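Subject: Structure handover

Hello,

Here is the structure I promised to pass on. Please open it next to this email and follow along.

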Amino acid sequence: MYIKIAWRNIWRNKRRSLITIGSITFAVLLACIMRSMQLGSYDRMIENAARFYTGYIQIHKAGYWDEKIIDNSFSWDQELLAKVENTEGVNSAVPRVESFALASFENKTKGGMVLGISPEREHELTRIKDKMVEGEYLQDNDEGAVVSEGLAKYLKIGVGDTLVLIGQGYHGANAAGLFFVKGIAKFPVPEQNNQTIFISLKKAQWFYAMPDLITSMSLVVDKAKNVDRILADLNGKLDMNYLEIMGWKDLMPDLLQGIEIDNISGRIMLWILYAVIGFGMFGTFMMMTAERMYEFGVMMSIGMKRVKMQFSVFLEMLMMSSIGVIAGISISLPILVYYFYNPVFMTGEKAEAIEQFGVEAAYFFSLQPSLFYNQAWAIFFMAWILGFYPLYVIQRLKPVEAMREA
Amino acid sequence: MSGVIKAENLHKVYSETKIPVKALNGVNLEIMEGEFTAIVGPSGCGKTTLLNIIGGLDHPTMGNVLVANEDIANMKDGELIDFRLKNIGFVFQAYNLIPVLTTLENVEFIMLLQKQDKTQREKRSMELLEEMGIADKANMRPSELSGGQQQRVAVARALASKPKFILADEPTANLDSKSTENLLDIMAKMNKEENATFVFSTHDQRVIEKAKRIVTLEDGVIISDVKK
């Protein structure tokens, strides 16, 4: 009967209830879309960075991260590889030689990041084959190079042309070499697209005069959430006096900090949105209470206990909030599913302006469950807090006064 | 017959205004089981205050109220709510039904609060609605009923839990003469058939004529108590 009373009371004033439910629905819808876009973009940024730059975990020689020079390289052998790859959650290990060199073609020169890679392993981490736009991808012991599209454009170099690289090798050796351009790859993040050159690991070790050495080993993990556990496992297995192991949060502190700052601003926006909705809900609850004072007085007179009245009124608020939350989530879910699989890519000047900041010019969406239940909790929490008002009024209610004043 | 309500030296002073108002000034009254009593008097004489106090809705400033030999004047609010539920039926001047419940559900409501089982509730409610002549309105909401019909539902609800007595505060104040006549006939019938004790406060001459006992209040004091 209490559920029946609560449900029917909601529809006593249909227009008001619909407006309140509508505002909750709108708030949940907006919040879900806003947060989905934010979290989707964060995930994408982390994934882009982790997939392209770093992997979710990296192993280096101790001290390399503080002083990223080629002299801080470490030797890579089958024993180390086996230790790493036999760790639960590690799918594969991707060795790299990373350094810089001047890249030159005809009368154009530009500083570039040279990545010596094991082609198949690298593809497993960065899906680099999928980014090829021209020519062919590298093979083990390949003599050629894959140049990023932005750099190729700058140098006006094409497939089959010869790229000159000049840099500094291991322990101060000169590094100079000619590499024919085997392919061109396009990357979403402009910072990478404008400066990267891929050569095979063997060729890089030859170029920098560092046989059997690598600067980093990035790990392909099964799930990003397992990173902390894998880090702990590897710490126990490897010689930590010689090596250092870092997770993506340590590898990309600037990105993490940027995300956190942006996340806070997103949350502030949400709080403002919920505060506005909260005032609307409070107004409804106040009206609901005020117009039923006589009724409350009568109910108490005939023997209804305060706690039962409070329960019934609380049920009303809970039902109203639930309808709003369910409606909000139901509307937002198909929209977000659609955009999750079909991100919105920007074009034109707007896209260029965004890409200048090193960010992919697209809106990505997330479907994390927390996205939805966090909005539900926020609304329920608000209803719970605001619900204290009618509960308080009922607690203080004196039937004679309530009926007289009404 | 035994005394259902016994008010002894009841005083009630309202102190909310600058000048305290003495609403009751030493009222002594005993209502016997099965009585059909009207409390009459001019506006402001203390009728509603007296009804509120003997109904456990308000506390006296001084004096005792014994209902079925229990002193309700000193009961706490929570105890009074329970006491009212078990012992007292109310009919108010304004229609006092729960607007979102049907006629049948309104009558059932008190029995629900008393935790009676559904079959028993429905049987008793339908019996009462038939007695009141509104069984055909069982599934209607109060807003679909006339004022007289609503008051009949209120009387049915007040009787539903078989209380020790029923307090009716100006129950006919908002009714036309035909509805008043109907309601009074029903209450008189219930008084006779179910031996229900009724106490009214009223200005209405038609109610006064039907009453078997008339208690007249003036300035918070009983100035006459006549049994017909």
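A residue counts as partly exposed when its relative accessible area lies between the buried limit, under 20%, and the exposed limit, over 50%. Lys6(B) has a relative accessibility of 35%, so Lys6(B) is partly exposed. Keep those two limits at hand, as they come back below. One caution before the rest: this is a predicted model.

**A salt bridge at Lys6(B)**

Lys6(B) has a charged partner. It forms a salt bridge with Glu8(B), with the closest N and O atoms 4.0 Å apart. That distance still counts, because the rule asks for a side-chain nitrogen of Lys or Arg within 4 Å of a carboxyl oxygen of Asp or Glu. Glu8(B) has a relative accessible area of 29%, so it is partly exposed too.

**Where the two chains meet**

Now look at chain A against chain B. Chain A puts 23 residues into the contact, and chain B puts in 28. Together the two chains bury about 2300 Å². Of that area, 67% is on carbon and sulfur atoms. Which residues of chain A lose the most area to chain B? They are Met1(A), Arg8(A) and Ile302(A). Together they account for 29% of what the chain A side buries.

Charges also meet here. There are four salt bridges between chain A and chain B. One pair to find is Arg8(A) and Glu105(B), whose side chains form a salt bridge at 2.6 Å, N to O.

Which elements build the chain A side? Those that give two or more residues are α1 (2-10), α11 (293-301), α12 (306-341) and α16 (399-405) of chain A. The largest share comes from α11(A), with six residues. By type, the chain A side has twelve nonpolar residues, three polar and eight charged.

**Inside chain A**

Next, find Arg292(A). It sits in the loop between α10 (253-290) and α11 of chain A. Is Arg292(A) buried or exposed? Its relative accessible area is 3%, so Arg292(A) is buried. Leaving aside neighbours within four places in sequence, Arg292(A) is in contact with Asn9(A), Arg12(A), Val313(A) and Glu316(A).

Gly283(A) lies in helix α10 of chain A. At 29% relative accessibility, Gly283(A) is partly exposed. Compare Gly283(A) with Leu386(A). They are 103 residues apart in sequence. In space they are 9.7 Å apart, C-alpha to C-alpha.

The structure holds 27 salt bridges over all chains.

- Arg229(A) pairs with Asp233(A), with the closest N and O atoms 2.9 Å apart. Both lie in helix α8 (residues 227-237) of chain A, four residues apart, about one turn of the helix. Arg229(A) is partly exposed, at 31% relative accessibility. Asp233(A) is partly exposed, with a relative accessible area of 31%.
- Glu127(B) pairs with Lys123(B), with the closest N and O atoms 3.5 Å apart. They are four residues apart in helix α4 (residues 118-132) of chain B, so about one helical turn separates them. Glu127(B) is partly exposed at 38%, whereas Lys123(B) is exposed at 56%.

Chain B also has a salt-bridge network. Shared partners join Glu35(B), Arg213(B), Asp225(B) and Lys227(B) into one network.

**Two positive phi angles in chain B**

Glu170(B) has a phi near 45°, a positive value in a residue other than glycine. You will find Glu170(B) in the loop between β7 (165-169) and α6 (177-193) of chain B. It has a relative accessible area of 13%, so Glu170(B) is buried.

Asp219(B) has a positive phi too, near 50°, and is not a glycine either. Its place is the loop between β9 (213-218) and β10 (221-227) of chain B. Where Glu170(B) is buried, Asp219(B) is exposed, with a relative accessible area of 61%.

Best wishes

Note on methods. Residues are numbered from 1 along each chain as its sequence is written. Chains are lettered from A and ligands numbered from 1 in the order in which they are written. This is a predicted model: local features need pLDDT of at least 70, side-chain atom pairs count only at pLDDT 80 or more; totals for chains, interfaces and linings use all residues. Side-chain values use heavy atoms; hydrogens and water are left out. Contact means heavy atoms within 4.5 Å. Buried area is the accessible area (1.4 Å probe) that two parts lose on being put together, summed over both. Ala, Val, Leu, Ile, Met, Phe, Trp, Tyr, Cys and Pro count as nonpolar, Asp, Glu, Lys and Arg as charged, and the others, Gly among them, as polar. Buried means under 20% relative accessible area, exposed over 50%, partly exposed in between (1.4 Å probe, protein chains only).
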